[in-house]
Each structure stands twice: as C-alpha cells, then as structure tokens.
Amino acid sequence: MDSFKAHLNKFIKVTDEEFASIFSFFKEVEVKKKQDLMLNGEICKSMYFVSVGCLRKFFINEKGAEQTTEFAIENWWITDTFAYERQIKSDFCIQAVERSAILMIDKQQQELLLKKHPVMERYFRMIYQRAYAASERRIRYLYEMSREELYVHFSTLYPWFIQRIPQYLIASFLNLTPEYLSEIRAKLRS
C-alpha cells in the first residue's frame with residue numbers, strides 16, 4: 001500500500017484521504033510462482049500493478065513455444081492493453097515469475113475511479129506514455145541490434161533482471177534460444 005502511494009506521488013499528488021479512496025478501487029492479491037493470472041482466450045478483465053515480485057506476459061508461438069513479450073517488476077503495470085480496453089479475448093497469458101503481491105483493477109472499477117478521482121486520468125496517461133515509449137524503443141532495438149548487442153544492452157539497462165529472472169525467460173524475451181543465450185554469455189565472460 002505504501003509503495004503504491006509513493007509510486008503515485010511520483011506522478012501526481014494525493015492526500016492520505018484521497019489515497020485511501022483511490023486504493024479502495026483495487027483488489028490486493030497474493031500470487032504464487034508460475035500462477036496464471038490470465039490465459040490465452042480469456043477476456044482481459046484486469047490490469048495488474050506489481051507491489052512485490054515479477055509478472056510476465058507471453059503468447060504461444062507457431063512452434064508451440066512460449067514467447068515472452070513483457071515483464072513487470074515492482075511499481076510496473078502489466079495487461080494486454082488492446083484486449084483490456086476493448087474487453088475482448090486476449091491472445092496472451094499473464095503469469096507470475098516469482099511469488100508476487102499485486103493490485104488488480106478491472107475496467108468497470110477503473111472507470112469509476114477515474115470519475116471520482118480525475119487526477120488519476122493524468123496518472124494513467126503518464127503511465128501509458130512511458131509504456132508506449134518503452135515499446136517503441138524495444139521495437140527499434142529488435143530491428144537494429146544484433147542478438148549479442150541486444151543482450152548486452154538489456155543486461156546493462158536492467159542488471160537486476162539478469163539476477164532475478166530465469167535465463168530461459170530472458171532468452172524468450174530477447175527472442176533467443178536458451179542455448180544461444182548461454183553461448184553469448186560464455187563469449188562475453190571470456
């Protein structure tokens with residue numbers, strides 16, 4: 001709860017009273033490692049804010065392998081934005097990478113929240129802008145960097161991911177095989 005308030009206050013200013021009201025629109029949930037929050041084919045009903053832990057979003061590719069597209073650690077949001085905004089079936093799964101404490105909000109509650117606390121419109125706009133900018137960067141890096149450069153860039157920018165997230169998931173996120181990622185890491189160590 002305190003971490004969410006501190007996070008909000010980086011973008012907007014809310015009083016203790018306002019925060020208590022804002023927080024009441026969310027549901028607090030504890031999830032186990034590898035617990036699914038949403039499966040492919042389910043209607044995307046919720047957005048998830050990570051208080052503690054790590055979540056990932058992935059899809060099953062044409063070869064039947066999991067392809068990770070996004071991670072969310074403390075103070076990050078995750079959802080299938082396209083499906084959430086339209087309240088339609090998702091092509092993605094969302095799963096806990098590690099034991100996590102999250103805040104959930106569904107579309108109906110979010111609309112009520114925004115009506116009661118218009119300042120949250122600004123907050124979500126800023127969050128979406130940052131997420132969109134990060135997505136643009138990632139797409140550019142995928143096009144212009146070699147796989148080795150991509151790994152070096154990722155591990156430099158997000159060193160805590162390298163320690164926290166299993167190598168096979170990092171490989172999936174970078175669109176590498178785990179074996180090829182092992183080769184890159186071995187080459188960089190020598």
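**Entry 1: A term, and the model**

Two strands count as a pair if DSSP finds at least two bridges between them. I begin with this term, since I looked up strand partners before anything else. I note that the model is predicted.

**Entry 2: The sheet with E7**

I looked up the order of the strands in this sheet. Four strands make up an open sheet, and their order is E2-E7-E4-E5. The pairing in this sheet is antiparallel. I then asked which strands stand at the edges. They are strand E2, residues 36-38, and strand E5, residues 66-72. Each of these has a single partner strand, so one side of each is left without a neighbour in the sheet. I also recorded the twist, which averages 30 degrees from one strand to the next.

**Entry 3: The partners of E7**

I followed strand E7, residues 93-96, to its partners. With strand E4, residues 55-60, E7 pairs in the antiparallel sense over four bridges. In this pairing I found that Ile94 of E7 is the bridge partner of Lys57. E2 and E7 also run antiparallel, and two bridges join them. Here I noted that Met38 stands opposite Ile94 in E7.

Are the residues on the two faces of E7 buried or exposed? I found that both faces are covered. Cys93 and Gln95 lie on one side, Ile94 and Ala96 lie on the other, and all of them are buried.

**Entry 4: The sheet with E8**

I then turned to another open sheet, in which four strands follow the order E1-E8-E3-E6. The pairing here is antiparallel. Its edge strands are strand E1, residues 27-31, and strand E6, residues 77-78, and each pairs on one side only. Strand E3, residues 46-52, and strand E8, residues 100-106, pair in the antiparallel sense over six bridges. One example I wrote down is Ser46, whose bridge partner in E8 is Asp106.

Which helix packs on this sheet? I found helix H4, residues 107-116, which touches E3 and E8. The direction of H4 makes about 75 degrees with that of E8.

**Entry 5: Helices H6 and H9**

I looked up how helix H6, residues 147-157, lies against helix H9, residues 178-189. Their axes come within 10 Å and cross at roughly 70 degrees. I therefore describe H6 as roughly perpendicular to H9, given that angles of 65 to 115 degrees count as such.

I next listed the residues that meet. From H6 they are Arg147, Glu148, Tyr151 and Val152. From H9 they are Tyr180, Leu181, Ile184, Arg185, Lys187 and Leu188. Sorted by class, this contact has six nonpolar, no polar and four charged residues.

**Entry 6: Salt bridges**

Side chains of opposite charge can pair when their charged atoms come close. How many salt bridges does the structure hold? I found nine, and I examined some of them.

Glu148 is partly exposed, at 23% relative accessibility, whereas Lys187 is exposed, at 52%.

Asp16 forms a salt bridge with Lys5, and the closest N and O atoms are 2.0 Å apart. Asp16 lies in helix H2, residues 16-23, and Lys5 lies in helix H1, residues 2-8. This pair also links distant parts of the chain, its members being 11 residues apart. Asp16 is exposed, with a relative accessible area of 57%. Lys5 has 18% relative accessibility and counts as buried, because the cut-off for buried is under 20%.

Glu144 forms a salt bridge with Arg140, with the closest N and O atoms 3.0 Å apart. Both residues lie in helix H5, residues 119-144, and are four residues apart, about one turn of the helix. I noted Glu144 as partly exposed at 46% relative accessibility, and Arg140 as partly exposed at 45%.

Lastly, I recorded a network of salt bridges that links Glu74, Glu98 and Arg164.

Note on methods. Residues are numbered from 1 along each chain as its sequence is written. This is a predicted model: local features need pLDDT of at least 70, side-chain atom pairs count only at pLDDT 80 or more; totals for chains, interfaces and linings use all residues. Side-chain values use heavy atoms; hydrogens and water are left out. Axes are lines fitted to C-alpha atoms, for helices over the stretch in contact, and angles run from 0 to 180 degrees between N-to-C directions. Angles under 35 degrees count as roughly parallel, over 145 as roughly antiparallel, 65 to 115 as roughly perpendicular and the rest as oblique. Contact means heavy atoms within 4.5 Å. Ala, Val, Leu, Ile, Met, Phe, Trp, Tyr, Cys and Pro count as nonpolar, Asp, Glu, Lys and Arg as charged, and the others, Gly among them, as polar. A salt bridge is a side-chain nitrogen of Lys or Arg within 4 Å of a carboxyl oxygen of Asp or Glu. Buried means under 20% relative accessible area, exposed over 50%, partly exposed in between (1.4 Å probe, protein chains only).
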